[in-house]
Amino acid sequence: MTSTLSAASADGGAEQAPVPSFAVVSGAQVQGALLGQEKEIVELVEATYRLHGAGDSVNPPSYFLRFPDRRSSRIIALPASIGGPGRVDGLKWISSFPGNVAAGIPRASAVLILNDHDTGYPFACLEASIISATRTAASAALAADWLSRSRPRPTRVGFVGSGLIARYIHAFLAGTGWWFDEVGVHDLSADSAAGFGGYLEQVGSVGRVRVYGSAEELIRSSDLVVFATIAAEPHIGEVSWFAHNPVVLHISLRDLAPEILLASANVVDDVEHCLKANTSPHLAEQLTGSRDFLAGTLDEVMAGRVEVPADRPVIFSPFGLGVLDLAVGKYVYDKVAGSGELLVIEDFFHELRRYG
Ligand SMILES: NC(=O)c1ccc[n+]([C@@H]2O[C@H](COP(=O)([O-])OP(=O)(O)OC[C@H]3O[C@@H](n4cnc5c(N)ncnc54)[C@H](O)[C@@H]3O)[C@@H](O)[C@H]2O)c1
């Protein structure tokens, strides 16, 4: 992250000072570094949740920039710091512009800045929509594994919302050993459902692929249900649709009416983060005036401090932690640097002599 160059000291003499370097890592490089690494990334995400649970992190609330003239859009800042062997600080800056999809480009776009632990200097800017989707999918696969350990392993997965995040989650489930008798899809957009079906065909997904016309049918037919929509408020309110006690990965956070959460075991990534911004867990807290409906965090489940009951639906609602972006971003940076392919921007930090 630094190279040693000659810089003038205050008294005019020359001394060896570390001159921070700055690199830009493209989406193609990010994708190359993560290709086929599903198991390793899930392990990295698990280790990062444990680090965060142990308090070796700083993860302040995300900051939501919203616009009065573009109400469905937002840009979120996720600053964070992680300790452990790969200690690093940084910031993910991620836009969500749902209208992009109709224009033919993805909803989300992002950059991740990594800052050096000792000097604070930013040392890399990485394309981060892939990093973000990857850490989200890895945490979903991790949760699916841990939350289904006390019940028969799900064999019918159903996706409500079948965009880019659904594709990444499917890839991470498949890449970490899951197989399904059936992959169900329900999406308000026939194009999205068809696009997802095409992806499943292309990757040679085992099991039959079935497109469902209603969320009810899909949920009732799935023992692992993934919500990856862009719903701003609950559109699923029938508790009886979950009577078969599925494992639910509630990635889009706002699909479920609070009544469904109150009838389920609820696991989150971080309590303070998740009970904000009118997520379904936040609505459940507002409705009941308490947090008693929460079983605990995924870290507590992994540590054996929280048990997952088999006789209720279990719902994982991950707010999405900046520490995960940092961990995956640092992994990518180290891999690209190790391959000798790092694109360093020469003289990025230019004003390095205090008095000129
Ligand atoms: N929790 C996290 O850490 C995390 C991280 C990344 C993304 N996300 C969330 O994942 C969601 C999906 O992101 P994406 O990039 O795949 O978006 P996308 O726009 O590519 O896909 C969303 C899909 O959901 C469909 N949809 C919208 N409302 C629906 C409904 N009521 N029923 C069924 N389908 C519906 C849309 O037609 C679209 O195909 C977003 O809400 C995003 O905020 C969460």
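This is a predicted model: local features need pLDDT of at least 70, side-chain atom pairs count only at pLDDT 80 or more; totals for chains, interfaces and linings use all residues.

Modeller: The side chains of Arg 135 and Thr 136 are joined by a polar contact of 2.9 Å. Arg 135 belongs to helix α3. With a relative accessible area of 7%, Arg 135 is buried, since the limit for that class is under 20%. The side chain of Arg 135 also faces the ligand: one of its N or O atoms is 3.0 Å from an oxygen atom of the ligand.

In Asp 187, an N or O atom of the side chain lies 2.6 Å from a ligand oxygen atom. In Arg 74, a polar side-chain atom is 3.3 Å from an oxygen atom of the ligand. As for cover, the ligand taken alone exposes 870 Å², and the protein buries 86% of that. Helices α3 (129-147) and α4 (164-175) are the elements that give two or more residues to the shell around the ligand. There are 25 residues around the ligand, and those that come nearest are Ile 165, Asp 187, Ser 192, Thr 229 and Pro 318.

The side chain of Ser 132 makes a polar contact of 2.7 Å with the side chain of Lys 92.

Ser 214 sits in the loop between strand β12 (208-211) and helix α6 (215-220). Its relative accessible area is 27%, so Ser 214 is partly exposed. The side chain of Ser 214 reaches the backbone nitrogen of Glu 217, at 3.1 Å.

Helix α2 may be described next. This helix covers residues 38-53, 16 residues in number, and it reaches 22 Å from its first C-alpha to its last, close to the 22 Å expected at 1.5 Å a residue. The buried residues of α2 are Glu 38, Ile 41, Val 42, Val 45, Glu 46, Thr 48, Tyr 49 and His 52. They lie on the same side of α2 because they cover an arc of only 160° around the axis. The general rule behind such a pattern is that an α-helix has 3.6 residues a turn, so residues three or four places apart point the same way. On the other side of α2, Lys 39 and Glu 43 are exposed. After α2 comes Gly 55, with a positive phi near 90°.

The structure holds zero disulfides. Cys 125 is counted as buried because its relative accessibility is 18%, and the limit for that class is under 20%. Cys 274 is likewise buried, with a relative accessible area of 0%.

Technical notes:
Residues are numbered from 1 along each chain as its sequence is written. Side-chain values use heavy atoms; hydrogens and water are left out. Helices (H or I, at least four residues) and strands (E, at least two) are DSSP runs, numbered from the N terminus. The expected span of a helix is 1.5 Å times one less than its number of residues. Buried means under 20% relative accessible area, exposed over 50%, partly exposed in between (1.4 Å probe, protein chains only). The arc is that of the directions from the helix axis to the C-beta atoms. A disulfide is a pair of cysteine sulfur atoms within 2.5 Å. A polar contact is a pair of N or O atoms within 3.5 Å; within protein, one must be able to donate a hydrogen and the other to accept it, and residues adjacent in sequence count only if both atoms are side-chain atoms. A residue is near a molecule or strand if one of its heavy atoms lies within 4 Å of it. Accessible areas come from the Shrake-Rupley method with a 1.4 Å probe; for residues, only the protein chains shown count as cover.
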